[in-house]
Every structure is written in C-alpha cells, then in structure tokens.
Amino acid sequence: MMTRRILQLFIGLAMYGMSLAMFIRAGLGLDPWDVFHQGMAGRTGLSIGAVVIIVSFLVLLLWIPLRQRPGFGTLCNAVLVGVFADVGLALIPAFAHLGGQIGMLAGAVLLNAIASACYIGARFGPGARDGLMTGLARRTGWSVRFSRTLIEVVVLAAGWLLGGSVGVGTVVYALAIGPLVQLLLPVFKVPAALPPEDDSPELQQAGTAAAGQ
C-alpha cells in the first residue's frame with residue numbers, strides 16, 4: 001500500500017506540472033495561482049517552474065503562524081510541480097489556432113483534476129497553497145470556501161497586475177475543477193488507516209491546489 005501511495009503521489013505531481021504547461025500553451029488564461037506565477041516569471045526572468053518552487057516555499061513560511069506542519073507530500077509538491085511544469089513547457093508546443101487552444105485547455109483541466117485527485121488521494125499531506133487555505137480556515141473560523149476565495153482573489157489580482165494571463169481558461173478552471181476533483185477523488189483515494197491530518201475533511205473540501213499546489 002505504501003508503494004502505491006508513493007507512486008500515486010509522484011505521478012499526480014508530475015501530471016499537475018504537465019497540466020500547468022498545457023494551460024500556458026493553450027494561451028486562454030490560467031488558474032489564479034498560476035496567473036501569479038506567470039506574472040512573477042515575466043517580471044523576474046525566471047522560468048515559471050522556478051517561480052512555482054520559490055513561491056511554494058515562501059507560502060510554507062506562512063504556515064508557521066498558522067501552526068501547520070508540512071508532510072512528505074507537501075515538500076514533494078513544492079519541488080516536483082515546478083520541475084514538471086518546465087519539462088512540459090519544453091515538450092509541448094503552443095497552438096496558433098483556436099481549435100487547438102480549446103482542445104489543449106480541455107485536456108489541461110481534465111489532467112489537472114486527475115492529478116489533484118491522485119495527490120490528495122495519496123494522503124501524504126496538502127500542498128503549500130491548499131495548506132494555507134485550510135490553515136487559515138482553521139485558525140480564523142472562516143469556511144474553507146471563503147478562505148480559498150479570499151486567497152485566490154488576492155493572488156489573481158496580483159498576478160494580473162504583474163502581467164499574468166487571465167481569460168476564459170481562468171473561468172473554466174474555477175467552475176470545473178471542484179466538481180471534477182470531487183468526482184474523481186473516490187477513485188484515487190487510498191483505503192488506509194491514516195492520521196487525521198492526512199485525511200482531513202478540510203483538505204478534501206479544498207479540492208485542489210495552487211494547487212495542488
């Protein structure tokens with residue numbers, strides 16, 4: 001069972017990074033956190049994968065006042081998503097016509113949902129961004145939904161001001177990712193007796209990262 005969990009975690013994080021690259025190549029808009037990552041990458045000259053990794057560890061610093069503890073999956077998430085995002089960008093071409101862009105966007109949303117269900121279902125701890133929202137909800141008494149909305153509105157606005165891509169893909173992601181992850185999570189949830197923090201209702205309500213992130 002442990003072997004399955006580790007493989008599922010790594011495969012899920014690899015797919016998550018590849019889905020980010022697909023969103024970028026589709027050119028129709030990104031999810032809120034990746035709008036911010038793309039904006040930061042454009043301003044700093046770093047690759048988007050490097051920015052994802054740096055932001056992940058900066059967000060983990062915010063866990064300290066929230067009294068959150070990172071798990072094995074948290075640290076893997078912080079590194080591997082960014083690595084595979086850069087790999088995906090090196091392998092996946094951009095599309096110049098709308099049909100290809102729409103197809104790429106649809107594939108990115110579906111792959112992101114599968115990836116999210118994989119890494120959440122492996123239950124090795126939340127990603128840095130998911131942990132931030134669940135930790136904020138726990139410490140303030142706010143709902144996970146409100147905490148997530150507040151954080152994502154802030155990062156989306158900041159990313160847009162930095163030049164990140166906001167578009168129809170941003171809206172499609174916001175509407176589709178929650179229901180898709182909820183549908184897929186029972187398929188990938190590993191049936192094992194685990195500590196409460198690895199199987200928390202808040203994490204499952206979060207649905208996805210920043211993903212997974």
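Predicted model: local features only at pLDDT ≥ 70, side-chain atom pairs only at ≥ 80, totals over all residues.
## Helices that pack: exercises

The crossing of α1 and α4 is right-handed.

**Exercise 1.** Work out how helix α1 is oriented against helix α4, and which residues join them.

*Solution.* 
- Step 1: Find the two helices. Helix α1 covers residues 2–26, and helix α4 covers residues 72–91.
- Step 2: Take the geometry. The helices pack at about 40°, and their axes lie 7 Å apart.
- Step 3: Name the arrangement. Angles under 35 degrees count as roughly parallel and 65 to 115 as roughly perpendicular; α1 is therefore oblique to α4.
- Step 4: Look at the contact. From α1 come residues including Leu9, Phe10, Leu13, Tyr16 and Ile24, and they meet a set in α4 that includes Phe72, Cys76, Leu80, Phe84 and Leu89.
- Step 5: Sort the contact residues by class. There are 16 nonpolar, four polar and one charged.

**Exercise 2.** Describe how α3 runs relative to α4, and what classes of residue make their contact.

*Solution.* 
- Step 1: Helix α3 spans residues 48–66, and its axis comes within 7 Å of that of α4, crossing at roughly 165°.
- Step 2: An angle over 145 counts as roughly antiparallel, so α3 is roughly antiparallel to α4.
- Step 3: The crossing of α3 with α4 is right-handed.
- Step 4: On the α3 side, the contact includes Ile48, Val52, Ile53, Phe57, Leu60 and Trp63; on the α4 side, it includes Leu75, Val79, Val83, Asp86 and Leu89.
- Step 5: By class, the contact of α3 with α4 has 13 nonpolar, four polar and one charged residues.

**Exercise 3.** Find the salt bridge, and say how its partners are placed in their helix.

*Solution.* 
- Step 1: Searching the whole structure gives one salt bridge.
- Step 2: It joins the side chains of Arg148 and Glu152, at 3.3 Å from N to O.
- Step 3: Both residues belong to helix α7 (residues 144–162) and are four residues apart, so about one helical turn separates Arg148 from Glu152.

**Exercise 4.** Decide how α6 and α7 are oriented to each other, and list their contact residues.

*Solution.* 
- Step 1: Helix α6 (residues 128–140) packs on α7 at about 125°, with the axes 8 Å apart.
- Step 2: α6 and α7 are therefore oblique to each other.
- Step 3: Their crossing is right-handed.
- Step 4: Leu132, Met133, Leu136 and Ala137 of α6 touch Val144, Ser147, Arg148 and Ile151 of α7.
- Step 5: Six of these residues are nonpolar, one is polar and one is charged.

**Exercise 5.** Check the span of helix α5 against the expected value, then look just after the helix.

*Solution.* 
- Step 1: Helix α5 (residues 98–122) has 25 residues.
- Step 2: From first C-alpha to last, α5 reaches 36 Å, close to the 36 Å expected at 1.5 Å a residue.
- Step 3: Just after α5 comes Arg123, with a positive phi of about 60°.

Conventions: Residues numbered from 1 in each chain as written. Heavy atoms only, no water. Axes fitted to C-alpha atoms, helices over the stretch in contact; angles between N-to-C directions. Left-handed = near helix turned anticlockwise from the far one by under 90°. Contact = heavy atoms within 4.5 Å. Nonpolar A, V, L, I, M, F, W, Y, C, P; charged D, E, K, R; others polar. Expected span 1.5 Å × (residues − 1). Salt bridge = Lys/Arg side-chain N within 4 Å of Asp/Glu carboxyl O.
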